[in-house]
Amino acid sequence: MIEDIELEVFINDVYEYYGFDFGNYSRASLKRRVNRIYQIDGLVNFYEFLSKVKYNPEYFKRVIDEITVNVTEMFRDPSFYKVVRNEILPLLATKPFIRIWHAGCSTGEEVYSMAILLKEAGLLHKTLLYATDINSQVLETAKKGIFPLRMMKEYSINYRDSGGEEDFSNYYIANYGNAKFSEELISKMVFSQHNLVSDTSFNEFDMILCRNVLIYFDNDLQKKAIELFDESLSYFGFLALGTKETIKYSIPQSRYKQVQKEKIWRKIQ
């Protein structure tokens, strides 16, 4: 198990050697994930681990991938997707073109969920979905649109609970224990590496989703990320966060209006 003082050494050395700043990450979350790497790699000595991180760039890349991967699923929190389906997409439908940013998209399940909603609303043809993550490995998975077939039953239930009425299996082809999602969905997605800690705004969006990512950041970094989203969001655009996340302490409340009880806010000023 890594000690608190060792975690600080790790943070400082990673910043010094690679310019990668974990300083504003939640210490509890970071410690838990580094300990997980210890277990996976059978490590017992912190300085052996640190040496590998510092002098083996490939190992460092793997450590980054392990630390930054987020758990996700299709149509996670179906009530959230029901609100998007029934209340937000009809408003976005009035626009000539729709841009949506999934920040911290992980392996892409949420992006494919949104693409399915857009297709069913007749809006996919005039939408671009920008999907970004700091983790290059999960982006490669997301680009392929291939997920374990064993997950489809659960995803299908989520889809139904979100208001979906089609046969969910219409959206993928089953093959060798995997589900390959349709090229029609993938063709409207742009995948790119983006670091919420250090990178800037790159477009103006009608909706930004960053769900269950900010819980890994400390308060300062959460504030910085939400200010980035604010800069990137068009007027009357929507910002969606995870169930335990809020904009409350980051930007003036008068400029945003919450949509129902979900963690979705509309920019009104």
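Let me start with the crossing of α2 and α4, which is right-handed in this predicted model. Helix α2 covers residues 27-41 and helix α4 covers residues 57-68, and the two pack at an angle of about 125°, with their axes 9 Å apart. That angle makes α2 oblique to α4. On the α2 side the contact is made by L30, R33, V34, R36, I37, I40 and D41, and on the α4 side by Y59, R62, V63, E66, I67 and T68. If you sort the residues of this contact by class, you find seven nonpolar, one polar and five charged.

Helix α2 also packs against helix α1, residues 4-18, and here the angle is about 90° and the axes are 11 Å apart. Angles of 65 to 115 degrees count as roughly perpendicular, and α1 and α2 are therefore described in that way. From α1 the contact takes in D4, L7, E8, F10 and I11, while α2 contributes R27, L30, K31 and V34. The classes in the contact of α1 with α2 are five nonpolar, no polar and four charged.

Turning now to the strands, β4, residues 172-175, and β5, residues 178-181, run antiparallel and are joined by four bridges. Y172 stands opposite F181 in β5. The two strands form a hairpin with two residues between them, and in the turn Y176 has a positive phi of about 50°.

F75 has a relative accessibility of 0%, and so it counts as buried. Another case is N212, whose phi is near 65°, and which lies in the loop between β7, residues 205-210, and α10, residues 219-232. N212 is buried as well, with a relative accessible area of 12%, the cut-off for buried being under 20%.

Is T132 buried or exposed? Its relative accessibility is 3%, and it therefore counts as buried. Which residues does T132 contact, leaving aside neighbours within four places in sequence? They are W101, H102, A103, G104 and C105, together with L139, S192, H194 and F202.

Note on methods
Residues numbered from 1 in each chain as written. Predicted model: local features only at pLDDT ≥ 70, side-chain atom pairs only at ≥ 80, totals over all residues. Heavy atoms only, no water. Axes fitted to C-alpha atoms, helices over the stretch in contact; angles between N-to-C directions. Parallel < 35°, antiparallel > 145°, perpendicular 65-115°, else oblique. Left-handed = near helix turned anticlockwise from the far one by under 90°. Contact = heavy atoms within 4.5 Å. Nonpolar A, V, L, I, M, F, W, Y, C, P; charged D, E, K, R; others polar. Pairing = 2+ DSSP bridges. Buried < 20%, exposed > 50% of the residue type's maximum accessible area, 1.4 Å probe, protein only.
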